[in-house]
Amino acid sequence: MRYLKHLLSSKPTPLRTLDIAYITTLLPLLFFIKLPMLFFLLLVLLLLLIGKKPTAVTLFAVAMTGTAAIFFSLYGSFSFAGLSRLKLFVELMIYLLLIAIALQRLTKEVNFYLKISPLLLLATTLFFFYSLPMLIYVMAEVFILITMLVWQVMQSDLDRSLRVASKLYIASLPIVILFFIFFPRISFEHASYGFKGDLVHRSGHDGLMHLDSNALLVPSQRIVMEVGFKEKIPSADHLYFRGSVLYQKTDRIWRPLNASLHPSAPDLPKGEMTGYKVTLYPTNKRWIYLLDTPLLLPEKARMDFHLQSTMPEPIKETFLYNAGSLLQSSYRTPLPATLEKIALGYDHRSDPRTQVLANDIRSRFNEPHQRFEAVRSFFRAQQLTYTLKPGAFDLNNSTDSFLFDQKEGYCVHFAAAFATLSRMVGIPSRIVTGYRPDGSDSIGNYLIVRESDAHAWVEVYLDGEWRRVESTAFASSIESDTDQTGGTDGAGGEQTRWKQLNLYLHYIKYQIDTWILEYSSLSQKKLFSYLKTDTLFLIKFISSFLLLLALLILALYLLSQSKCRDKIQCTLKPLLDALEKQGLPRHSGESLNHYFSRIEQAEQIPLTAINRLYHQLRYQKAVRPEILRIFQEEVRSVKKSLK
Amino acid sequence: MNELDARFVPLVEAVASVLHGKEESITLTLAAFFAKGHLLVEDIPGVGKTTLAKALASLLGLAFNRIQFTSDLLPSDILGVNYFNQKESEFVFKKGPIFTQFLLADEINRSMPKTQSALLEAMEEDSITVDGERYELEQPFFVMGTQNPYEEVGTFKLPDSQLDRFICAMSIGYPARDAEREILAQKKPKTLSPGTRITPEEIKEIQDGVNSVYLSDALLDYLQAIIALSRNRVHFTHGLSTRGALALAQMTRSWAYLHGRDYAIPDDATAVAPYVCLHRLHFKEGRTTLERIRDVITSNTQPDA
């Protein structure tokens with residue numbers, strides 16, 4: 001602590017300010033750099049603490065150790081061809097930079113490279129982090145670097161440097177914002193400037209349905225798409241975003257039909273269409289997701305007989321589209337014989353217990369309706385539990401295992417079992433996968449669909465129409481593994497207010513995430529398209545920028561107001577301002593004594609007392625404390641009389 | 001605050017009765033005297049230097065002497081000589097005209113440098129040494145040196161280092177129109193009513209008082225601003241020496257004391273600064289005058305900032 005105090009109180013030396021800059025810029029990188037490199041840094045720190053001026057041999061040894069550290073850090077992941085991948089490239093750059101800095105710092109000579117390297121470190125930091133705390137840290141980091149720079153250049157006390165640095169910081173903000181808007185972040189996923197990106201799998205939905213442990217990718221909170229409705233968001237029982245339709249089960253995986261089998265869409269009834277605008281993030285798949293039952297498709301998109309909508313090319317960039325749907329849970333269409341055969345198919349060799357059950361139902365009921373009801377009541381009677389962490393299934397007899405042994409599972413298991421049993425009792429059925437948000441993740445007409453909203457449900461063919469069956473609805477209990485903070489009804493207004501606040505905070509975080517942390521060239525495109533199409537948004541955008549500008553100017557003004565260090569001057573200043581306003585300015589270089597005497601003679605304003613008191617306060621040796629009070633009163637009364 | 005302290009008013013008025021309209025010069029002379037400095041008057045003959053000197057000497061009750069410097073004046077003519085007294089058969093020191101309290105050294109630039117330096121050394125040390133024997137000068141000791149700035153022929157210009165020993169310099173100048181009319185109108189020159197106005201004890205007290213005038217931090221800031229201005233090589237060839245800076249501080253104190261304060265204010269410094277700088281600084285271009293120096297100071301420094 002004393003060291004720190006000493007560090008900050010004394011005049012800055014170049015090495016000291018540089019050290020502070022290094023500590024600030026290295027801190028976030030410590031989370032990222034690999035262990036061998038950390039050891040290398042530790043070694044350098046030790047050498048620095050020992051403090052001797054290193055010999056050429058020491059420097060050579062340090063350089064060798066650094067090279068070794070790089071080798072071990074990148075061991076296995078390095079290849080020269082791989083350098084076109086941005087992440088590897090940046091990583092290598094950081095390591096090289098660290099070694100260069102270490103060597104320079106050990107020699108204790110301040111040179112240009114050493115001065116510029118904190119900025120380079122800061123720049124590389126920007127590649128790695130996508131979190132709110134890091135955003136705040138980086139902003140603080142930039143401020144610290146500016147302060148250090150100013151401190152070094154001004155060679156004055158820290159307090160004044162801080163003021164100047166804050167002014168610089170504030171003045172630069174509008175430019176920074178403009179730069180930020182026009183030059184978006186380069187992320188490793190969507191690298192540009194000739195670098196290859198590390199494309200990550202953004203969506204949990206791959207058009208198939210796995211029954212084994214691959215069934216569900218980690219249900220992350222990543223956003224799959226954002227949906228803006230023209231009017232209010234439909235109720236949750238209509239929010240079924242249709243993805244792929246699965247007919248066949250092979251190798252424990254439910255698969256869609258071959259695309260060429262039924263390429264043309266069925267004739268769909270017209271009705272009141274709900275319109276919405278979707279921002280779909282890259283999935284690297286061709287599916288697009290539309291609400292049941294889709295009517296209006298984006299350009300180039302195609303819909304097949306099963307109402308699966310696809311694009312001709314996999315979606316690799318953020319895709320904005322308008323769509324319209326008829327909100328209904330069933331649609332009428334003929335069922336061709338070939339398709340009916342497929343929709344009734346099941347593996348006769350597996351799930352013997354379910355087959356026995358199905359035979360029992362078939363023998364008891366003849367009507368498809370009755371059979372369907374029987375299946376439903378069976379599901380209800382089984383006391384099934386919905387959980388994201390079910391026990392292990394017998395994968396060869398997964399329906400048996402789910403219905404009779406484990407009796408727990410998630411949407412995939414419910415849907416698979418329901419479809420299988422329905423087929424066994426002679427009702428054509430299929431599985432639909434897609435997204436089903438519960439509608440809670442929304443603000444106004446704006447709905448967010450996340451990976452964790454991925455869902456699978458069943459459609460059965462009854463009375464000449466495909467009807468949606470929410471198979472998870474048969475679960476008798478839900479084992480929640482996310483904290484449901486929803487309060488009980490009796491908790492009163494405070495809890496709802498808290499909930500609202502919470503939602504609001506989430507909303508802010510969401511906006512920061514989308515527009516700052518994950519602001520990429522894709523978001524840029526989106527922003528510009530909004531600006532082009534939405535006049536209201538454009539006005540809002542410009543006016544908020546102007547508002548920000550005004551706030552910054554205000555902040556600058558407040559900062560440049562000289563802090564009142566001198567009570568005497570601060571007391572006098574309003575009076576001097578008032579006199580100046582009356583057209584009695586003080587000449588430059590004029591002493592107050594001269595000024596006051598001049599004004600008093602010319603204008604008959606009684607200033608003698610103020611003049612005397614002021615000079616006593618300012619220039620006399622020991623002044624009685626009450627003089628200041630008298631002075632303040634005198635100034636106040638004269639100022640009042642001026643009005 | 002800007003008025004002269006009551007005890008000095010009669011003094012200044014009395015001198016002004018024989019030297020019309022020159023109150024500021026009189027006050028400055030008093031300030032230099034109470035600051036225990038010496039005054040340099042750069043002026044043409046016949047504007048009242050001697051009148052001023054004589055009047056002040058008599059009012060302050062000081063022994064007065066006057067030396068007219070000429071090119072053949074020797075140091076011994078000022079300091080005095082050891083001569084052999086045949087009656088007593090020993091060397092006796094005959095004191096020169098410097099053994100006085102108020103010395104008017106007229107046209108010092110007319111004498112040889114050797115003679116000049118004899119005087120200036122005496123001014124600095126307040127004592128003289130003749131043939132290895134040291135003689136203290138009586139206190140208070142005040143020299144008013146004059147030189148004619150316009151005559152160049154047959155003069156030995158005083159080097160800056162010598163001039164530095166005068167605490168400040170001034171020129172009396174021609175009287176103002178009204179004052180001159182009054183002078184012209186009177187039949188015979190007025191004489192000063194005899195009698196001292198200030199006793200030696202009072203002089204001692206005043207000089208001590210001047211030394212204890214308080215210079216606050218704010219004022220020192222202003223003084224340093226003036227000193228820095230003189231040294232920044234924008235206006236002047238070279239800046240104030242440390243002795244010059246000390247002279248500025250001492251004159252500021254003295255001026256403050258004359259105006260009845262035991263603390264100095266920026267106006268004191270602004271008032272005396274041109275006089276302190278007049279013989280010490282040289283403008284890079286053009287003549288060095290009081291008005292120019294005053295302009296430079298007021299337009300480049302800000303008191304009470």
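Me: How many of the seven residues of strand β5 (residues 274-280) of chain A are buried?

Reply: The model here is a predicted one. A residue counts as buried if 20 or more other C-beta atoms lie within 10 Å of its own. In β5 of chain A, five of the seven residues are buried, and the strand is mostly covered.

Me: Which strands pair with β5(A), and in which sense, parallel or antiparallel?

Reply: Take the two partners in turn. Strand β2 (residues 223-229) of chain A pairs with β5(A) in the antiparallel sense, over five bridges. In that pair, Gly228(A) stands opposite Lys277(A). Strand β10 (residues 319-325) of chain A also pairs with β5(A) in the antiparallel sense, over seven bridges. There, Thr274(A) is opposite Ser325(A).

Me: What is the order of the strands in the open sheet of three strands in chain A?

Reply: The order is β13-β12-β19, and the pairing is parallel. β13 (408-409) and β19 (477-478) are the edge strands, each pairing on one side only. Between strand β12 (residues 385-386) and β19(A) there are two bridges, in the parallel sense. Thr385(A) has Ser477(A) as its bridge partner in β19(A).

Me: And how many strands are in the open sheet of chain B with the order β2-β5-β8-β1-β9?

Reply: That sheet has five strands, with parallel pairing. β2 (64-68) and β9 (168-170) of chain B are at the edges with a single partner strand each, so one side of each is left without a neighbour in the sheet. From one strand to the next, the twist averages 20°. For one pair inside this sheet, look at strand β1 (residues 39-42) and strand β8 (residues 142-147) of chain B, which are joined in the parallel sense over four bridges. Leu40(B) is opposite Gly145(B) in β8(B).

Me: Which residues of α2(B) and α10(B) meet?

Reply: From α2(B) come Thr27(B), Leu30(B), Ala31(B) and Phe34(B); from α10(B) come Met251(B), Ser254(B), Trp255(B), Tyr257(B) and Leu258(B). This contact is made of seven nonpolar residues, two polar and no charged. An α-helix has 3.6 residues a turn, so residues three or four places apart point the same way.

Me: What span does helix α19 of chain A reach from its first C-alpha to its last?

Reply: Helix α19 (residues 608-619) of chain A has 12 residues and reaches 16 Å, close to the 16 Å expected at 1.5 Å a residue.

Me: Why is α19(A) said to be largely enclosed by the rest of the structure?

Reply: Count its buried residues. Nine of the 12 are buried, so α19(A) is largely enclosed by the rest of the structure. Among them are Ile610(A), Leu613(A), His615(A), Arg618(A) and Tyr619(A). The buried residues of α19(A) pack against α17 (567-581), α18 (592-603) and α20 (625-642) of chain A, together with α9 of chain B.

Me: Is Ser588(A) buried or exposed?

Reply: Ser588(A) has 10, so Ser588(A) is exposed. Its place is in the loop between α17 and α18 of chain A. Leaving aside neighbours within four places in sequence, Ser588(A) is in contact with Ser299(B) and Gln302(B).

Me: How many residues of chain B are in contact with chain A?

Reply: In chain B, 18 residues are in contact with 14 residues of chain A. On the chain B side, α9 (217-231), α11 (266-278) and α12 (290-300) each supply at least two residues. α11(B) gives the most, with three residues. By type, this side of chain B divides into nine nonpolar, seven polar and two charged residues.

Me: What share of chain A is buried?

Reply: Of the 643 residues in chain A, 28% are buried. Chain A has 20 helices and 19 strands. Among its contacts between residues at least 6 apart in sequence, 71% join residues at least 24 apart.

Definitions and conventions:
Residues numbered from 1 in each chain as written. Chains lettered and ligands numbered in written order. Predicted model: local features only at pLDDT ≥ 70, side-chain atom pairs only at ≥ 80, totals over all residues. Contact = placed C-beta atoms within 7 Å. Nonpolar A, V, L, I, M, F, W, Y, C, P; charged D, E, K, R; others polar. Pairing = 2+ DSSP bridges. Axes fitted to C-alpha atoms, helices over the stretch in contact; angles between N-to-C directions. Expected span 1.5 Å × (residues − 1).
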